Amino acid sequence: MNILVFIKQVPHVESSFEISSNGSTIEFSSQTAYAINSYDEYALEEALILSEKISHTIITVVTIGRQDAETALRRALAMGAHFAYHYVTENESIFSSAQKAKILSQFAKNHPFDLIITGTMSMDSAHAAIGPMIAAHLSIPWATHIIALDVNPIAKEIRATREIDVSTRQSITLPLPALISVQSGINRPRYPTLSHTLRAKKQEIYKIALNEHPHQHSQCRFLLPPRTKETFLLRGSREENARALYEYLRARSFL
Amino acid sequence: MKPKACLIIEQIAGNIRECAWELASLAQLEFFRETYDWIALIAGNNIERAATLFAEKTGIEVYALCDRLLENFSGEGFVRAYSTAVQQIKPYFIFASHTPLGCDVAPALAIVCNMDYFPSLQCLTRKNEILFAYRERLNGKINEEITITEPAICTIMPGVFPIFNTAKLSGKVSIVNIDTGKIKSIPAAPNYSPQSGAELSNAEVIVSAGRGVGNSENMEHLRNLASLFSRAAIGGSRAACDMGLVDYGLQIGVTGRIVSPKLYFACGISGSAQHIAGMKNARTIVAINRDESAPIFRIADIGVIDEVEKFIPVFIEFVQKK
């Protein structure tokens, strides 16, 4: 079975940043740690679990990103992916979800696959758009927010369960080829072993240049979010803060 | 005749989902109401009652897109139904909810109908004939202001617009029989199983865990904090559930529960829109987080910039000495 996993590299959630003075770009500090988007890590882990159950499974990871997104692909190889492809662009953020979906669906048209797995969304933008867009381009069935997956390689179909809300789930059977987007918490992504990490360092990453510069017809500007309340921020010592919080809650009859 | 705009109304087993009533409020924004003729699209099988209810409560014309193959939800089947209607209506805008079902269909519909896609919007305003929308980036640390150009499909973050609730009006219902044709997906009926966590609805105090709590040993501190209060319960963000710190049934936010206690402790919670939508109606919000740029500090009443596991024991000791 051939599985394609589409991943994205994102900055760590607690990274410090600055918004440029005209609001057009977000600049991260040079110490920013980047990693595989956690939803995509769940997607890759799900592919790895399937490869352990179904022999001759080949997992190919693909990303669109800057030169340094190679780190994410190396990590994916170290976790156990077989091949890695990198669409290199120095300005990943100007590509819309639709433009990325088009590039990735073109990749899928040129590489045989039975199943595509993506994360449901990215941690940085949470648009949750790429998966269904790719499926629409490829005219294959899809399902998102998946929290359980079973593959029947003989019947060539999958049975997936989606989370609709905290107490509502739905199962859906899709014939292969199909696409699923996984919800967080579907599995526990593995840590790469040392020997896999060493092997991954030597593996080839296939680079594909992205020369097109997408046309942006929507203007965008970044701002700090508005304050809805005047927050009383405690900046004293731990003990002073404990006293201040106690007095605050006491004054409001909570304690 | 005014140009048309559509709402995608979610239903499960003939019951209209709460997010649909929020979209009805969006359609009531003055510039939207004046500029467009609104049509609500509801897809399924045996949905006439739901369609009539929506039309009667909102005054919005409803197209009930019916087919046997739409009995249960599949992205494939529902996109086919909506796109059939869209080809006929030719709307300038389509609004769906940024929910698991909305996000399953809306992106694919944008491709099929060749419309621009603007997901996850939280606020819409019009200045000088240009439509602006806001959405969050980096888990709520940054707001992104974008201009929306038609024709476009937009998804709206749940919990942002109020539930539509005005006097009874009457909208027309048109039943549109859809020929879904052959679909490859075989969707099953949804499975409803109430989760633990009902105590969250009645709790006066909620102590809620986030990613910053770090590990399950540190949950002990949160339980100790909760025990200072009567009628207190433990909850958590999606991240805390994924980390195994709290059960999924105790999740607070868009994909979890909406709560409104008198006092809410956000411990190590950064405060993404999806979490804030679930707890912003708490009367008093206390945030404890080591990251000063965490957006939770923009909605909290009082904030402590510290590590959860270091601050809480000191606080409890102080309270117990009093």
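# Exercises on a predicted two-chain model

The crossing of helix 4 of chain A and helix 5 of chain B is right-handed. The model is predicted, so local features need pLDDT of at least 70, side-chain atom pairs need 80 or more, and totals for chains, interfaces and linings use all residues. Residues are numbered from 1 along each chain as its sequence is written, chains are lettered from A and ligands numbered from 1 in written order, and side-chain values use heavy atoms, without hydrogens and water.

**Exercise 1.** Describe how helix 4 of chain A packs on helix 5 of chain B.

*Solution.* 
- Two packed helices are described by the angle between their axes and the distance between the axes.
- Find the helices: residues 130–138 of chain A and residues 102–112 of chain B. Helices are DSSP runs (H or I, at least four residues) and strands are too (E, at least two), numbered from the N terminus.
- Read the geometry: the angle is about 45°, and the axes are 7 Å apart. Axes are lines fitted to C-alpha atoms, for helices over the stretch in contact; angles run from 0 to 180 degrees between N-to-C directions.
- Classify: helix 4 of chain A is oblique to helix 5 of chain B. Angles under 35 degrees are roughly parallel, over 145 roughly antiparallel, 65 to 115 roughly perpendicular, and the rest oblique.
- List the contact (heavy atoms within 4.5 Å). Helix 4 of chain A gives Pro132(A), Met133(A), Ala136(A) and His137(A). Helix 5 of chain B gives Cys103(B), Asp104(B), Pro107(B), Ala108(B), Ile111(B) and Val112(B).

**Exercise 2.** Which residues of helix 7 of chain B are buried, and where do they lie around the axis?

*Solution.* 
- Buried means under 20% relative accessible area, exposed over 50%, partly exposed in between (1.4 Å probe, protein chains only).
- In helix 7 (residues 219–226) of chain B, the buried residues are Met219(B), Leu222(B), Leu225(B) and Ala226(B).
- They cover an arc of only 115° around the axis, so they sit on the same side of helix 7 of chain B. The arc uses directions from the helix axis to the C-beta atoms.
- Their partners in chain B are strand 15 (205–209), strand 16 (232–236), strand 17 (263–267) and helix 10 (308–321).

**Exercise 3.** Locate the cis peptide bond between Leu176(A) and Pro177(A).

*Solution.* 
- Omega is about 0° for this bond.
- Pro177(A) lies in the loop between strand 11 (168–175) and strand 12 (178–182) of chain A.

Methods:
Left-handed = near helix turned anticlockwise from the far one by under 90°.
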